[in-house]
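Could you walk me through this model in my viewer, one selection at a time? I would like to know what to click on next and what I will find there.

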Amino acid sequence: MDQKLQVAGTQSQLEMGSLAANESSHEFEDESLFSPESVIQKMQLGHISEYGSAPGGFQPGGGKMWKNVVYKSIKTVVFSNKLNVLIAFGPLTILVHILTGHNGLVFLLSLLGIIPLAERLGYATEQLAMYTGPTVGGLLNATFGNATELIIAIYALRNGMIRVVQLSLLGSILSNMLLVLGCAFFCGGLVFYRKEQVFNKASAIVNSGLLLMAVMGLLFPAVLHFTHTEVHYGKSELALSRFSSCIMLGVYAAYLFFQLKSRKDPYIPLSEDESQNRENEGDNDETPEIGKWESVIWLLIMTAWISVLSEYLVDAIEGTSHAWNIPIAFIGVILLPIVGNAAEHAGAIMFAMKDKLDISLGVAIGSSTQISMFGIPFCVVVGWIMGKPMDLNFQLFETATLFITVIVVAFFLQEGSSNYFKGLMLILCYVIVAASFFVHEDPPPEGQL
């Protein structure tokens, strides 16, 4: 009996030992789930699923990983485009300014140095737009595409060159509406020459209405000035400009709210067939080449470097006009916007050649709308703060040119379709505008008549 009890006791001890061993093994497995290595692995997998790459800080060799990320980012952004060879003209501009001070050469070098920066600014904006929807992407392209013009305008305004500010902003609107949109229609029409490209007509009509409102805001101060019907001569025109600018800024804020909140997606066509084609094309969309925060960092770097070169560019404008015997009006309306709109130019053409004409329209016309309803009133308010008499009187010749341009583009957009012939006509219209400003002499201030 005692032997049986001993045998039973030993068996129970063995069973309890096996159970304890099993529990310890389960505990070991549970502890292994929360070990640092497993946590790091899970965080890596989560980061990869969300961002497409593993961060360097989550790996034992984090320093090397970050170096590889930086190297790959620089290689992708700086060395992937042949146009970036012109970036070397940026430091050369500063060197020539210090050694020689030749205005014409400094202007040319800074102009060439800004071109690749503006294009890379558009590239970084495009990469950032891939993480957002089409609406926010179009607004991002328009915003950072106009950063070059606004930076140049603020530097010129600080130096008291109010006429250069007016001409450069006017030229940016004309360049976007005629040259950028025309090239997008033309190149997109050549690629898809067997069909007529379509876009959302409703968004185009809204932007056309905003552009006409901007023309109205510029027209009244000019008419008030040249008809000599001011209640207080020299003051009523400036007061009306500042009041109208505040109204225009409020309208643009309401427009942004309308685009981002009130409407789900203004760039989606109403046709079911086209929406199905969009969904099929969405499967073939390109993946971003750089990360979201990399895009933001590159945007800041490009904007800062453009700001540095813009200061040298603005300081050399008047000397270049005398050295090259070119009117300041032509430099401000034609040369500066071509450089500043390089980002919109490249982006709009690229999207049009991919049959994404809605985004091209959002970049070109959206940029014109932003300059007219935000850029110009913003400069008036900034001049008000600085004590500079920046107003909305752009002179009769310039205001008439803008009015005719808006009417022509509005007629082209009313059908909601485009082809290469429409693009060619817009480009030729811009050539006529450029020739007009080449023979146009800007009138001197009234005190110098």
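Start by selecting His-440, which counts as buried because its relative accessibility is 14% (buried means under 20% relative accessible area, exposed over 50%, partly exposed in between, with a 1.4 Å probe and protein chains only). His-440 sits in the segment after α18; helices here are DSSP runs of H or I with at least four residues, strands are runs of E with at least two, and both are numbered from the N terminus. Show its surroundings and you will find Pro-327, Ala-329, Phe-397 and Glu-398 touching His-440, not counting residues up to four places away in sequence; contact means heavy atoms within 4.5 Å.

A word on the ground rules: this is a predicted model, in which local features need pLDDT of at least 70 and side-chain atom pairs count only at pLDDT 80 or more, while totals for chains, interfaces and linings use all residues. Residues are numbered from 1 along each chain as its sequence is written, and side-chain values use heavy atoms, with hydrogens and water left out.

**Salt bridges**

From His-440, step to its contact Glu-398. Glu-398 forms a salt bridge with Arg-163, with the closest N and O atoms 2.9 Å apart (a salt bridge is a side-chain nitrogen of Lys or Arg within 4 Å of a carboxyl oxygen of Asp or Glu). This pair links distant parts of the chain, with Glu-398 in helix α17 and Arg-163 in helix α8 (residues 162-191), 235 residues apart. Glu-398 is buried at a relative accessible area of 1%, and Arg-163 is buried at 19%.

How many salt bridges are there by this rule? The count comes to 4. Next, select Arg-158 and Glu-311, whose side chains meet in another one at 3.5 Å, N to O. Here too distant parts of the chain are linked: Arg-158 belongs to helix α7 (residues 147-158) and Glu-311 to helix α12 (residues 292-315), 153 residues apart. Arg-158 counts as partly exposed at 44% relative accessibility, and Glu-311 counts as partly exposed at 33%.

Now go to Lys-195, which forms a salt bridge with Asp-355, the closest N and O atoms being 2.7 Å apart. Lys-195 is in the loop between α8 and β1 (197-198) and Asp-355 in the loop between α15 (342-353) and α16 (357-386), so this pair ties together parts that are 160 residues apart in sequence. Lys-195 is partly exposed, with a relative accessible area of 43%, whereas Asp-355 counts as buried at 13%.

**Two buried helix residues**

Select Leu-402, in helix α17 (residues 396-413). Is Leu-402 buried or exposed? Leu-402 is buried, because its relative accessible area is 4%. Leaving aside neighbours within four places in sequence, Leu-402 is in contact with Leu-170, Ile-173, Leu-174, Val-215 and Leu-218.

Then move to Ser-241 in helix α10 (residues 236-262), which counts as buried at 0% relative accessibility. The side chain of Ser-241 reaches the backbone nitrogen of Leu-392 at 3.0 Å. Beyond its neighbours within four places in sequence, Ser-241 is in contact with Pro-221, Val-380, Asp-391, Leu-392 and Asn-393.

**Loops with positive phi**

Most residues other than glycine have a negative phi. For a positive value, select His-228, where phi is near 55°. His-228 lies in the loop between α9 (201-226) and α10 and counts as exposed at 56% relative accessibility. Asn-325 also has a positive phi, near 60°. Look for Asn-325 in the loop between α13 (317-324) and α14 (328-340), where it counts as exposed at 69%.

**Cysteines**

How many disulfides does the structure hold? There are 0, a disulfide being a pair of cysteine sulfur atoms within 2.5 Å. For Cys-183, the nearest cysteine sulfur is that of Cys-187, 6.0 Å away. Cys-183 is buried, with a relative accessible area of 12%, while Cys-429 is partly exposed at 27%.

Terms used:
A polar contact is a pair of N or O atoms within 3.5 Å; within protein, one must be able to donate a hydrogen and the other to accept it, and residues adjacent in sequence count only if both atoms are side-chain atoms.
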